[in-house]
Each structure stands twice: as structure tokens, then as C-alpha cells.
Amino acid sequence: MGHLMTDFTTISELAQRLRRRDVSPVEITQDCLRRIEKLNPGLNAFITVMSESALAEARRAEAEILRGEWRGPLHGVPFALKDLIDTAGVRTTAASALYQDRIPSHDAEVVRRLRHAGAVIIGKNNLHEFAYGGSSLVSYFGDVHNPWDLGRIAGGSSGGSAAAVAAGLAYAAIGTDTAGSIREPAALCGCVGLKPTYGRVSGRGVIPLSLSLDHVGPLAATVADAAIVLQAIAGYDSADMTTADVAVADYVSALSDGAKAIRVGVPRGYFFDDLDPEVASAI
């Protein structure tokens, strides 16, 4: 216990402070790196910490903001990436011994968009090997632990990403969801996870589990932060046949509209009502 953020700041709050130059991207990146050094040995949320390149990116963001070249709310904000999302020149392992030395030559499209938005990539998150499971205990790099209680799981497969966000090791992370792999660890770690509509975010450069079912999406501290991240990563990718050529809406402004005509579905029959006897006995 006690591994969570104490001086909690959201991206939406931080962005304005960065823009006004009240705080430097270098300072907040150093703060995240110190938290990683202190807390990651217990959490095992990161496979690779990109300290040098992150500080270089933070210095570049600082210089751009000083020149008045503010790129938007992610400019200078430290991000983490599930370690099946390719980063040029930095190993991307999918938490597998098979890929422990795999170094991609290109960034995934989602990483390219984050860099374009000025985000600082601070490291690569541990996960359930090849995203094929829901505990993040099956990893060549060891178990991921829940920041609320190190004796509990963080969920999966994006367990390291959810743990990193909940513990304040990064302000947001990018995960993947094929059958719950963003939503489950977000729920178990107490952060916001969004599985976007299929085709909304490019999966090019992401090691696939199932190309027809994979979704790339944000894990963040709040709904507003998740909307800010989705705004930056969503959109058509002509080199990815699974993406939809549909204009990106203004997700951030839509938050102020509130939930107008929300519809709640209540199932009439429940899972155990018509369960096959063989499955019921196995349970």
C-alpha cells in the first residue's frame, strides 16, 4: 500500500502549467523517473526505462514551449507504452523470451502521433506475454504487481501500463485490448481505460494478437485525460487496412456536453441460467 500518487496532477491540469511555463517538461520527466526508480522494483511495471532519450525529448519540448511552439496538451507530458508497441531503436519484447532482443527500426503509428503531439516516451510497460491472458503474471520479465497492494495482480494483458498510471510513474499509457486487456487492468488498478471503436486508432507497428479484434487505446487517470490522449492518437492510417477513413470528432469538447441520451442495457437472461452442464461442472 501507499504506492500511489501523492501530489496527483492530471494531464488537463498539467498542460496549462506547461504552456504557461510554470513547470518544465524536464522537471516532471525527472520526477517520473525518480518515482520509477523508487517504486518499479516492487511493481515491475516497466520492462525498459528510456531515461536518456526521455530527458532529451523533455529538453526539446521545453525549448519548443519557450519559443512559443506549444503543440497541445500532450506537449512535454511523460507517457509509457505497452511493450508490444514498436519503438524505433528500443527493444520491444511482448514480454517474451522469443523477442527479448527484438529492436524495431520504425515507430508504431500510435507512437509517431504521440511524438508529433510532443509527448515524452518514458519507457515500455510489462504485460501478459504476447497479450494472451488477463493476469500479467505470465511474462519473461516477471510478474506485474498491483500498486494498491503488491500481493495482488494488476490484471492484464496491459497490467504494467495500468500499474504505471495508477502509481504515477507516467501521466498516461498506451495499451491494447483484444478481449478486455485495457479495461480489466484499468478496473483492477483504479484508472481509466478506453477500448476505442475498432478502426479508430491505427494498430500498425503493434505486435498483433488478433488483427481483426485488436484495439489500441489509452490508460489515464481521468476520463478527460483519456479523451485528450484519444484525440492525439485517433484517425485514419492509409498504411493500415483496419483503420476507418472517418473524421476524428472533438472528444475533449464533447465532455462538457454531458451524457444526454444514454441507454443502459440490462440482460434478461444471465450467464449461469443456460449454462452447459459440462461448463458448469468445470466451474
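**Entry 1: Leu-188.** Does Leu-188 count as buried or partly exposed? Before answering, I noted that this is a predicted model, in which local features need pLDDT of at least 70, side-chain atom pairs count only at pLDDT 80 or more, and totals for chains, interfaces and linings use all residues. Residues are numbered from 1 along each chain as its sequence is written, and side-chain values use heavy atoms, with hydrogens and water left out.

Leu-188 has 36% relative accessibility, so it counts as partly exposed. For the scale, buried means under 20% relative accessible area, exposed over 50%, and partly exposed in between, with a 1.4 Å probe and protein chains only. I found Leu-188 in helix α6 (residues 183–189). Helices (H or I, at least four residues) and strands (E, at least two) are DSSP runs, numbered from the N terminus. Not counting residues up to four places away in sequence, Leu-188 touches Asn-146, Trp-148, Ile-153, Ala-154 and Gly-155; contact means heavy atoms within 4.5 Å. I also checked Thr-48, which is 140 residues from Leu-188 in sequence and 23 Å away in space, C-alpha to C-alpha.

**Entry 2: the core.** I looked next at the largest nonpolar core, which has 71 residues. Such a core is a set of buried Ala, Val, Leu, Ile, Met, Phe, Trp, Tyr and Cys residues joined through side-chain atoms within 4.5 Å. The members that touch the most others are Phe-79, Val-110, Leu-114, Ile-122, Leu-169 and Ile-174. Helix α2 (residues 25–43) gives the largest share of this core, seven residues.

**Entry 3: α2 against α3.** I then followed α2 to helix α3 (residues 51–66): the two pack at an angle of about 160°, with axes 8 Å apart. Axes are lines fitted to C-alpha atoms, for helices over the stretch in contact, and angles run from 0 to 180 degrees between N-to-C directions. The pair α2 and α3 is therefore roughly antiparallel, a label for angles over 145 degrees. On the α2 side I listed Pro-25, Val-26, Thr-29, Gln-30 and Leu-33, and their partners in α3 include Ala-54, Leu-55, Arg-59, Glu-62 and Ile-65. The residues of this contact divide into eight nonpolar, three polar and two charged.

**Entry 4: α4.** Which residues of helix α4 (residues 109–116) are buried? I wrote down Glu-109, Val-110, Val-111, Arg-113 and Leu-114. Their cover includes β2 (78–82), β3 (120–125), β6 (172–177), β8 (215–220) and α7 (223–233). After α4 comes Gly-118, with a positive phi near 90°.

Entry 5: Ala-94 is not a glycine, yet its phi is positive, about 55°. I placed Ala-94 in the loop between β2 and α4, and at 0% relative accessibility it counts as buried. Ala-131, also not a glycine, has a positive phi of about 65°. Ala-131 lies in the loop between β3 and β4 (145–146) and counts as buried at 6% relative accessibility. I also found a cis peptide bond from Gly-156 to Ser-157, with omega near 5°. Ser-157 sits in the loop between β5 (149–153) and α5 (159–166).

**Entry 6: Thr-9.** My last stop was Thr-9, in the segment before α1 (11–20). Thr-9 counts as buried, at 14% relative accessibility. Leaving aside neighbours within four places in sequence, Thr-9 is in contact with Leu-14, Arg-17 and Tyr-171.

Methods:
Angles under 35 degrees count as roughly parallel, over 145 as roughly antiparallel, 65 to 115 as roughly perpendicular and the rest as oblique. Ala, Val, Leu, Ile, Met, Phe, Trp, Tyr, Cys and Pro count as nonpolar, Asp, Glu, Lys and Arg as charged, and the others, Gly among them, as polar.
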